[in-house]
Amino acid sequence: MKEPDRAGLIRGDMIHALKPGVTLLNLLDEQDGLAAAKQQALTSPDQVVPLSSVELRAPLQPRSIRDCLGFLQHLHNCASGGQFEISERYAQVPAFYFANTAAVVGPHDDVPISPGTQQFDYELEVCAVIGKSGANIRREDAPDHIAGYMILCDWSARDLQVQDMSMGLGPSKGKDGVNTLGPMLVTPDELAPHRGRKGFALSMTGQVNGETVSHGSWDDIDWDFADMIAYTSRGTQLRPGDIIGSGTVPTGCLLEHYRMEPDNFRGWLAPGDEVRLVVDKLGEIHQRVVDGPALHPLSTGF
């Protein structure tokens with residue numbers, strides 16, 4: 001039986017752990033909860049253990065996930081070869097969809113392939129974690145609502161996604177399987193020295209079985225998190241523990257390579273493949289793709 005999740009502060013190669021049962025969501029719900037937890041972890045931790053000795057789980061079980069399309073070049077890469085026409089609306093607002101909070105896994109958990117897909121893919125992203133609630137947030141106030149950042153991988157069944165999108169109701173089962181968060185929450189002050197044009201000048205890389213497939217920079221983003229938060233909070237409430245995803249960094253998924261260089265395409269993810277995604281200062285996730293559950297047909301045969 002697994003022990004309950006607990007939060008902790010990483011210092012070097014050690015974790016200063018809080019008491020069992022205290023989660024990051026608990027701390028975000030408390031005013032100044034993160035600051036108080038940091039002080040407690042440094043001065044009177046429940047345990048201090050090597051980072052290598054623990055199982056890192058998802059840092060957060062979010063209340064919601066809104067995944068935006070922040071990198072417009074990703075969209076253009078996916079549209080290579082005239083696959084679809086890009087609406088001008090993408091340059092007017094940071095489009096987003098709601099992802100599945102029940103599908104969140106940790107940074108080293110196995111990833112089952114979605115039932116029925118032959119085109120399983122990863123997406124290299126970062127995300128902002130909301131630390132202060134608010135509605136109709138102004139762009140200039142948005143940074144005050146960010147508790148920190150982490151890596152997000154939006155695993156996708158591309159053939160199912162195409163079928164879903166043809167009905168005009170969003171990605172649906174194409175993106176309903178797994179979302180990875182981790183390996184840790186990094187607070188904004190830690191990244192401040194790397195502030196760039198619209199993001200942070202931090203490298204984002206992705207490997208499959210040790211081969212580098214994706215390489216980009218967070219600072220290439222077109223819609224920054226201030227715009228994303230301002231837009232996603234229009235007419236609604238963002239709450240502590242909500243996630244705002246950046247969208248995929250250019251070259252950050254297999255679909256882009258499939259569309260841009262079909263003759264040199266390495267193939268989709270298969271059971272046994274190892275995917276490693278690294279973002280400078282945010283750490284890395286390293287996961288194995290495994291067989292997923294069988295597809296049970298509907299009354300129509302689909």
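Predicted model: local features only at pLDDT ≥ 70, side-chain atom pairs only at ≥ 80, totals over all residues.
I will start with helix α6, residues 225-232. Six of its eight residues are buried, so α6 is largely enclosed by the rest of the structure. The buried ones are Phe225, Ala226, Met228, Ile229, Ala230 and Thr232. What covers them? The cover includes the strands β4 (65-68), β5 (96-98) and β9 (124-130). It also includes β11 (146-154), β16 (237-238) and β17 (243-245).

Next, the loop between α6 and β16. I will take two of its residues, serine 233 and threonine 236. Is serine 233 buried or exposed? Serine 233 has a relative accessible area of 0%, so it counts as buried. Leaving out residues up to four places away in sequence, serine 233 touches Gly134, Ala135, Asn136, Ile137 and Leu238. Threonine 236 is partly exposed, because its relative accessibility is 30%, and the buried class stops at under 20%. With neighbours within four places in sequence set aside, threonine 236 is in contact with Arg66, Gly134, Ala135 and Asn136.

Phenylalanine 200 brings me to the aromatic residues. The count comes to 11 aromatic pairs. One of them joins phenylalanine 200 and tryptophan 218, with 4.9 Å centre to centre and 70° between the planes, which is edge-to-face. Phenylalanine 200 sits in the loop between α5 (188-191) and β14 (203-208), and tryptophan 218 in the loop between β15 (211-217) and α6, so the pair ties together parts that are 18 residues apart in sequence. Phenylalanine 200 and tryptophan 218 are both buried.

A further pair is tyrosine 258 with tryptophan 268. Their ring centres are 5.1 Å apart and the planes stand at 55°, so this pair is tilted. Tyrosine 258 belongs to helix α7, while tryptophan 268 is in the loop between α7 and β18 (274-279); the pair therefore ties together parts that are 10 residues apart in sequence.

Phe225 is one of the buried residues of α6.

Last, the second largest pocket. About 720 Å³ of space lies in it. How many residues line the second largest pocket? The lining has 28 residues, and those nearest the centre are Leu69, Leu75, Tyr90, Gln161 and Met165. By type, the lining divides into 13 nonpolar, seven polar and eight charged residues. At least two lining residues each come from β4, α3 (72-78), β5, α4 (158-165) and α7 (254-260). Which of these elements gives the most? That is α4, with four residues.

As for α4 itself, its buried residues are Arg158, Asp159, Leu160, Gln161 and Asp164. The cover over them includes β8 (120-121), β12 (156-157) and α7. Gln161, then, is buried in α4 and is among the residues nearest the centre of the second largest pocket.

Conventions: Residues numbered from 1 in each chain as written. Heavy atoms only, no water. Buried < 20%, exposed > 50% of the residue type's maximum accessible area, 1.4 Å probe, protein only. Contact = heavy atoms within 4.5 Å. 1 Å grid on protein atoms, 1.4 Å probe; cavity = no way out; pocket = protein on both sides within 12 Å on 5 of 7 lines; lining within 4 Å. Points joined across faces, edges and corners; volume = space filled by probe spheres on them. Nonpolar A, V, L, I, M, F, W, Y, C, P; charged D, E, K, R; others polar. Phe/Tyr/Trp six-rings, centres within 6.5 Å; stacked < 30°, edge-to-face > 60°.
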